[in-house]
Amino acid sequence: MSYVREYRASKGHLEVENFSTSVGTVVPVGSKSAVVSSITQLSLNGDKASITELCKVLTTGPLNADTEVVVGCPAPYLSLARSQLPDTVGVAAQNCYKVAKGAFTGEISPAMLKDLNIGWVILGHSERRAIFGESDELIADKIVHALAEGLKVIACIGETLQEREAGQTEAVCFRQTKAIADKVKDWSNVVIAYEPVWAIGTGKTATPEQAQEVHAALRKWFTENVSADVSAAIRIQYGGSVTAANCRELAAKPDIDGFLVGGASLKPEFIQIVNARA
């Protein structure tokens, strides 16, 4: 299981996921059940003081020894976070572009992130899709380029409330995933983050059974459309109002490999969520 912490434009948001690297020990990335990972993404939030405090909290823990923590910062603070965290804690960018360089004012390339010793990037977030109009194709192109440049990718998918009520949850998630699968050949450094948009920062959450149903459908899709090996190895996170109160029940589901955690990421209970399978 793994964990990613993400602070959104509106409030703190923690993304939690399952990767195959434990703190201080690298395990084969293809091993789905190897360990837990935590990634903190700050979105359009945070300043030097708050990020410094966050780094202290994550450094102190206590965290499950089988947990890899990755802090996702706004671009101006990536180097700050990297300098204040131990090597056992990774750092993720919240976005990057699909080319190495060029006349793309305001964009960040994977090569620039690598130059800062940043090893992760979150791509395809629902806010990038909805607010900035990023298409499935563009997100797939960004993922492919990030992987080619040596970054690990958290690829986000998920349906809106209207799509869920229309019975389109699987169709939307499969479409978004297919756009990635059409271009990605090596999945060993990709984590899928399923985030039902209607449950982000709303206080609503899918029941463990609802979440498991979508995760199981996604894993079946990978079996039928990519390969059984990738299906067995891929980490699929759940995101949407995960709290200390529901994290253990969610974590017990066989196809939920981690979480995208919202407001709880700013509270002491975040440690309980990271340790959900301890």
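How many aromatic pairs does a search of the whole structure find? The search finds five. Rings of Phe, Tyr and Trp (its six-membered ring) count as a pair if their centres lie within 6.5 Å; planes under 30 degrees apart are stacked, over 60 edge-to-face, and the rest tilted. One of the pairs, Y97 with F104, is tilted, at 5.0 Å centre to centre and 50 degrees between the planes. Y97 is buried, with a relative accessible area of 15%. F104 is partly exposed, at 36%. Buried means under 20% relative accessible area, exposed over 50%, and partly exposed in between (1.4 Å probe, protein chains only).

The model is predicted: local features need pLDDT of at least 70, side-chain atom pairs count only at pLDDT 80 or more, and totals for chains, interfaces and linings use all residues. Residues are numbered from 1 along each chain as its sequence is written, and side-chain values use heavy atoms, without hydrogens and water.

W187 and F222 form an edge-to-face pair, 5.1 Å centre to centre with 90 degrees between the planes. W187 lies in the loop between α7 (169-181) and β10 (190-194) and F222 in helix α8 (residues 208-225), so the pair ties together parts 35 residues apart in sequence. Helices (H or I, at least four residues) and strands (E, at least two) are DSSP runs, numbered from the N terminus. Both W187 and F222 are buried. Ring pairs link F174, W187, W221 and F222 into a cluster.

The buried residues of α7 include V172, C173, Q176 and I180. Buried α7 residues pack against α4 (126-130), α5 (136-148), β9 (152-157), α6 (161-165), β10 and α8, with contact meaning heavy atoms within 4.5 Å.
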